[in-house]
Amino acid sequence: MSPFAFIIVALVVISITHWLYRWSNPRCNGKLPPGSMGWPLLGETLEFFAPNTSSDIPPFIRMRMERYGPIFRTSLVGRPIIVSTDPELNHYIFQQEGCLFQSWYPETFTEIFGRQNVGSLHGFMYKYLKNMVLRLFGPESLKKMLPEVEEAVCRQLHRWSSLETVELKDATANMIFNLTAKKLISHDPEKSSENLRANFVAFIKGLISFPLDIPGTAYHECLQGRKKAMTMLKSMLQERRLKPRKQNADFFDYVLQELSKENTVVTEAIALDLMFVLLFASFETTSLALTLAMKFLTDYPLVLRTLTEEHESILRCRENVDSGLTWEEYKSMTFTFQFIHETVRLANIVPGIFRKALKDINFKGYTIPAGWGIMVCPPAVHLNPSKYENPLDFNPWRWEGVEIHGASRNFMAFGGGMRFCVGTDFTKVQMAVFLHCLVTKYWWHAIKGGNFMRTPGLQFPNGFHVRFQQKKSTQKEHAYDSAQSNKIQFLNEF
């Protein structure tokens, strides 16, 4: 080998060695949290997305907590990340949003949800869009929407009772999507020639998957599903522009009203990305929570009995038992809300809440470098034995007397800080109304499925198949005796 060639090879080897060293030991104006950056470029992405069937803190997080402590560093999809399972740091992150931290998601998520999606916007723009959404999903709007939600749920339950089996995850997702799409864009699947939800199904399958954009991969299908859905939404928006309505009846009307203003800050791209995110978030997360709720009701007869008693009591207090739910009745569902909070605590549908450090931040002796991503880990919060006694047990009574108004240090199922989910109340309305109609009018029994998996998001790979049967008065009397014996059996086992 010539001296010149030797020098070139030596320089290449030195450069690669230096790069590998820098990858494993990132620069920091202080002391980084302990951890590993994994493989160059790939980081620890494969381990993070590895499927598991644990109800506990995800193995990826738990093993690193045991090794490094509650705050550690890693690398996911090519980005350095600080993972926080520390309640104090989580609280600090949410309290300092907009000053020291801002909402951020990895590049792959931005590709999926759109560069103008509400999660990527900050400050005035985020607050402006949030207020737009609250026009539709705020308390006053939900009061008017309550009869519509009840009618949709009753119609679907009646139809399901005529079927041999129903796969709950898909069926509830379809029900909620149709209701939400009607409120957002007046979309009626029975009158539309295109299947809007089918594109969201393709999108969801690759949402939390390894970000490899190659035909045949789940991630590629996800991007294609988004592209087709966005094309449909854009076409609908253009059609509505040509045929505007005199009164605002859905969210599209509010969007068109904003776009027509002379000094509006809303662009068509922002409006379409917002619509896409709202459609996705409103049905996918709620259908997962409802499916898990049904699984818990099937497995815990005492919980079912208590829930049924609460809702049958609502019927007994009415002058007309067949009259629809009122807002006062909805707000009186004390045990129902305990049940919902416990369900979403254990569901941990959102495996991580992402933020980005705007400047170097010192916390408990560690430095979080400016520009690094931070992942707050809700499962580690919700399954913390120092905050929740026997955290893996399903126990709605643990919420008795506990007031939940927004997120807290120990409960962030609906997000945290100034970005607490604006659709939280809408989700609770849908779940509570569904449970009311279900336990007062129907029996059901599981046929197959119901086992879940996390990748790291919650999934039901084999679905949850059940059969519904409408209640009759004689069945109610039999059910009471059966429930009493179940209660005794459950208490003995407990």
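**Group meeting: rings, strands and salt bridges**

Okay, let me start with a charge on a ring: Arg-345 lies over the face of Tyr-388, and the distance to the ring centre is 4.9 Å. There's another case like that, with Arg-226 over the face of Phe-276 at 5.0 Å from the ring centre. Keep in mind, please, that what you have up there is a predicted model.

Staying with rings for a moment. The count of aromatic pairs comes to 19. One of them I'd like you to find is Trp-160 with Phe-434: the ring centres are 6.3 Å apart and the planes sit at 55 degrees, so we call that pair tilted. Trp-160 belongs to helix α7, residues 139-160, and Phe-434 to helix α17, residues 424-441, so this contact ties together parts that are 274 residues apart in sequence. Buried or exposed, these two? Trp-160 is buried, at 1% relative accessibility, and Phe-434 is buried as well, at 1%. Then there's an aromatic cluster made up of Phe-296, Tyr-300, Phe-339 and Phe-394.

On to the strands. There's an open sheet of three, in the order β4-β12-β9, and the pairing is antiparallel. The edges are β4, at 166-167, and β9, at 442-449, each of which pairs on one side only. Between β9 and β12, which covers residues 464-470, you get seven bridges.

Strand β1, residues 71-76, runs antiparallel to β2, residues 79-84, with six bridges joining them. Thr-74 stands opposite Ile-81 there. The hairpin has two residues between its strands, and Val-77 takes a positive phi near 40 degrees. What does β2 pair with in the parallel sense? That's β8, residues 373-376, over four bridges, with Ile-82 opposite Ile-374.

Next, salt bridges. Searching the whole structure gives 21 of them. Let me walk you through a few. Lys-182 and Glu-148 meet at 3.8 Å, N to O. Lys-182 is in helix α8, residues 168-185, while Glu-148 is in α7, so that bridge ties together parts 34 residues apart in sequence. Both ends are partly exposed: Lys-182 at 47% relative accessibility, and Glu-148 at 22%.

A second one stays inside α7. Arg-155 and Glu-151 form a salt bridge, with the closest N and O atoms 2.4 Å apart. These two are four residues apart in the helix, which means about one helical turn between them. Arg-155 counts as partly exposed at 44%, and so does Glu-151 at 43%.

Arg-467 forms a salt bridge with Glu-164, closest N and O atoms 3.7 Å apart. Arg-467 is in β12 and Glu-164 in the loop between α7 and β4, so to speak a link between distant parts of the chain, 303 residues apart. Arg-467 is partly exposed at 35%, whereas Glu-164 is exposed, with a relative accessible area of 56%. And there's a network too, where bridges with shared partners join Asp-86, Glu-88 and Lys-364.

Last stop, the surface. Phe-4, Phe-6, Ile-7, Ile-8, Leu-11, Val-12 and Ile-16 form a nonpolar patch, with about 710 Å² of accessible area together. Take Ile-8 from that group: it's in helix α1, residues 3-24, and at 39% relative accessibility it counts as partly exposed. That's my tour, thanks.

Note on methods. Residues numbered from 1 in each chain as written. Predicted model: local features only at pLDDT ≥ 70, side-chain atom pairs only at ≥ 80, totals over all residues. Heavy atoms only, no water. Patch = residues over 30% accessible without salt bridge, like charges linked within 9 Å, V, L, I, M, F, W, Y side chains within 5 Å. Areas by Shrake-Rupley, 256 points an atom, 1.4 Å probe, with all protein chains shown as cover. Salt bridge = Lys/Arg side-chain N within 4 Å of Asp/Glu carboxyl O. Buried < 20%, exposed > 50% of the residue type's maximum accessible area, 1.4 Å probe, protein only. Phe/Tyr/Trp six-rings, centres within 6.5 Å; stacked < 30°, edge-to-face > 60°. Lys NZ or Arg CZ within 6 Å of the ring centre and 35° of its normal. Pairing = 2+ DSSP bridges.
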